[in-house]
Amino acid sequence: MSGIRATRLTLRDLLAEALAGLVQRPGRSVLTMLGTVLGVGAFVAVLGLTSTATGQIGKSFSLLQDTTVTVDDLGGASTGDGTGTGRARMDFPPDTDARLARLNGVADGGVWWTVPLRNPVISPRADVTVEPGNGSGGGDLALFAASPGALRAMQPTLATGRLYNDFHQRRGEHVCLLGSSAARLLGITRVDNRPAVFVNGTAYTVVGLVSDVQRLPQTLLGMVIPSSTALNTYGAPADSPAQAVIRTRPGAARLIARQAATALRPDRPELLKAVPPPDPHALRDQVSTDLSGLFLVLAAICLVVGAVGIANTTLVAVLERTGEIGLRRALGARPRHITAQFLTESTALGALGGLIGTSVGVAVVVATALARHWTAVLEPYAVLPAPLIGALVGFAAGLYPALRAARIEPLDALRR
Amino acid sequence: MTDPVVQLAGCAKTYPGSPLVHALRPVDLTIRTGDYLAVVGPSGSGKSTLLNLLGLLDRPSAGTYRLSGVDVAGLRERERTALRGRRVGFVFQAFHLLPYRTALENVALARLYVTTAARPRAEAAAEALRRVGLGHRLHALPTTMSGGERQRVAIARALVNSPDLLLCDEPTGNLDSATAHAVMDLLEQLNDCGVTVVVITHDPAVAARARRRVTILDGRLSESDSESELA
């Protein structure tokens with residue numbers, strides 16, 4: 001029986017036949033692909049938008065935030081008398097700056113608070129002691145106390161003059177810094193003539209004007225005096241408790257946050273609570289899960305709809321092309337050749353849909369990023385396998401119709 | 001002397017049921033190379049069953065069938081399929097052309113499963129189309145062709161593998177008489193060139209043109225004496 005070599009179908013011929021099958025009904029092929037296009041497109045867009053948005057968070061989560069640790073004074077609240085606010089207290093030690101500076105990883109650190117004066121009258125003239133807010137007055141200005149370490153940790157930009165330092169702190173000097181807004185209100189533009197500002201009649205020499213700060217921006221709206229001076233003159237902070245602000249070296253923030261309370265108050269660390277910057281990774285993960293979960297479910301539904309669409313169309317095509325199947329069988333096609341052909345058609349349809357869907361998804365992500373002035377971030381693991389998902393959907397959808405096509409008897413098919 | 005193309009010995013086909021359906025009673029039939037045989041009979045007589053057996057689309061329930069010397073009963077499905085693809089050419093009443101493929105592609109389709117080289121396929125297809133007088137319509141779509149042209153494309157497709165047996169099932173059933181005449185002329189011409197042709201028909205006019213005739217009635221085959229009818 002040497003004459004009976006088995007009939008065969010090469011991969012190239014198989015692909016050519018499948019492609020011809022798809023091209024002969026282009027309109028229907030496009031409509032069939034739609035579900036897969038939507039599903040894969042949604043999949044890519046959701047993952048792309050999520051990674052773009054989280055990338056954005058990563059960008060806004062700057063070095064500044066990542067090197068800032070604050071330590072709050074829990075004070076009375078933790079000692080159990082329940083009236084923590086309103087009672088004057090100071091749980092930070094006088095040598096807070098030095099204690100913080102000893103920690104490895106701290107660049108600058110110190111304590112600051114809002115001085116507990118009700119409606120302080122801040123004025124460039126000594127004779128204005130009452131009547132807040134009359135013309136030249138600075139009735140709306142706030143008075144802050146800050147140790148030199150806290151001052152440095154704020155990373156102020158000086159318009160003119162200089163910062164007060166440990167010398168002023170030690171001696172409780174009546175010196176102050178003015179924020180740019182406060183200085184404008186008080187009409188002070190230079191410090192070389194040693195101007196003075198009066199707080200309820202007490203004179204403070206202005207040593208510098210601050211045009212900008214990195215941390216504690218509220219100080220720009222007021223005047224800042226050494227913490228020792230404030231403690232001596234106005235007493236411990238009452239309405240808003242004192243807080244330590246620490247500028248750490250990059251990467252040291254979380255370590256410092258763990259150590260700060262003990263370093264400052266080895267006797268009663270529970271009085272203080274250090275707040276580290278949020279962990280950018282945790283932040284990112286949280287955003288990812290919040291955003292994408294629902295949309296991924298929607299994308300999956302789209303894919304299922306796409307699969308049903310492909311299955312349906314392939315089944316219709318099989319029924320429609322019964323005559324062709326019979327003919328091919330008569331021409332020597334084995335059942336597996338028929339299965340392979342229809343399976344290849346549905347898989348190609350799915351892959352093509354996946355490819356188009358991926359392009360659409362990428363376009364959506366890029367367009368959104370452009371519109372929002374974001375940087376588009378597309379993870380390769382989300383984009384590259386996307387067309388493959390389409391192909392898988394097409395393959396799975398084509399299984400039943402293709403197997404059914406293979407079972408068609410040429411005898412019946414050719415009679416039609 | 002070479003084997004006959006077709007050698008049926010006691011070949012029968014029954015379908016299960018109660019009582020058994022005898023689609024084809026035991027048949028002895030020999031078709032030699034170069035024969036031109038017409039199988040005539042009314043519908044339901046067993047013509048199609050015979051066609052399916054001859055074309056390896058179905059297996060006989062009893063008896064032996066040798067196609068070009070190969071005992072078909074001993075073949076597995078894939079070998080039967082291969083034998084069908086290589087040795088039998090089919091021409092159908094409904095043409096069964098793929099509507100979105102050109103004449104050339106339709107003919108080349110018959111080479112798809114039996115050879116792997118693509119270029120010789122097209123050449124062989126063009127040659128077969130020229131042979132049936134369609135050398136000028138190689139790239140026409142079936143939808144733009146007349147019925148006669150379509151059937152000639154189908155005949156070219158059946159010829160392209162140089163089959164041992166050309167099986168025509170009501171080849172003129174969908175054609176007007178003038179076109180039918182032309183198609184019969186073509187089959188005759190091919191037979192003159194040595195192609196073994198079997199035509200299955202209920203049309204006596206078509207059958208009359210064959211050199212041998214068998215009549216099938218209620219599953220029973222009887223051969224008319226062709227010589228006497230020609231006289």
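## A look at chains A and B

Chain B has eight helices and ten strands; helices (H or I, at least four residues) and strands (E, at least two) are DSSP runs, numbered from the N terminus. Keep in mind that this is a predicted model: local features need pLDDT of at least 70, side-chain atom pairs count only at pLDDT 80 or more, and totals for chains, interfaces and linings use all residues. Residues are numbered from 1 along each chain as its sequence is written, while chains are lettered from A and ligands numbered from 1 in the order in which they are written.

Of the 231 residues in chain B, 48% are buried. Buried here means that 20 or more other C-beta atoms, placed from the backbone, lie within 10 Å of the residue's own.

**Where the chains meet**

The contact takes 25 residues from chain B and 25 residues from chain A. Two residues are in contact if their C-beta atoms, placed from the backbone, lie within 7 Å. On the side of chain B that touches chain A, α2(B) gives the most, with eight residues. By class, that side of chain B looks like this:

| Class on the chain B side | Count |
|---|---|
| Nonpolar (Ala, Val, Leu, Ile, Met, Phe, Trp, Tyr, Cys, Pro) | 14 residues |
| Polar (the others, Gly among them) | five residues |

**A covered helix in chain A**

Helix α12 (residues 322–330) of chain A has eight of its nine residues buried. Among them are A:Glu324, A:Arg328 and A:Arg329. The buried residues of α12(A) pack against α13, α15 and α16 of chain A, together with α2 and β6 of chain B. Just after α12(A), A:Gly332 takes a positive phi of about 110°.

**The cores**

A nonpolar core is a set of buried Ala, Val, Leu, Ile, Met, Phe, Trp, Tyr and Cys residues joined through C-beta atoms within 7 Å. The largest one holds 124 residues, and B:Val107, B:Ala156 and B:Val198 touch the most other members. Its largest share, twelve residues, comes from helix α2 (residues 26–60) of chain A. Leaving aside neighbours within four places in sequence, B:Val198 is in contact with residues including B:Ile31, B:Leu54 and B:Cys168. A second, separate core of 58 residues includes A:Leu143 and A:Ala261.

**A hairpin in chain B**

Strands β9 (residues 212–217) and β10 (residues 220–223) of chain B pair in the antiparallel sense over four bridges; two strands pair if DSSP finds at least two bridges between them. B:Leu217 has B:Arg220 as its bridge partner. Two residues lie between the strands of this hairpin, and B:Asp218 in the turn has a positive phi of about 50°.

Technical notes: Buried ≥ 20, exposed ≤ 12 C-beta atoms within 10 Å, placed from the backbone.
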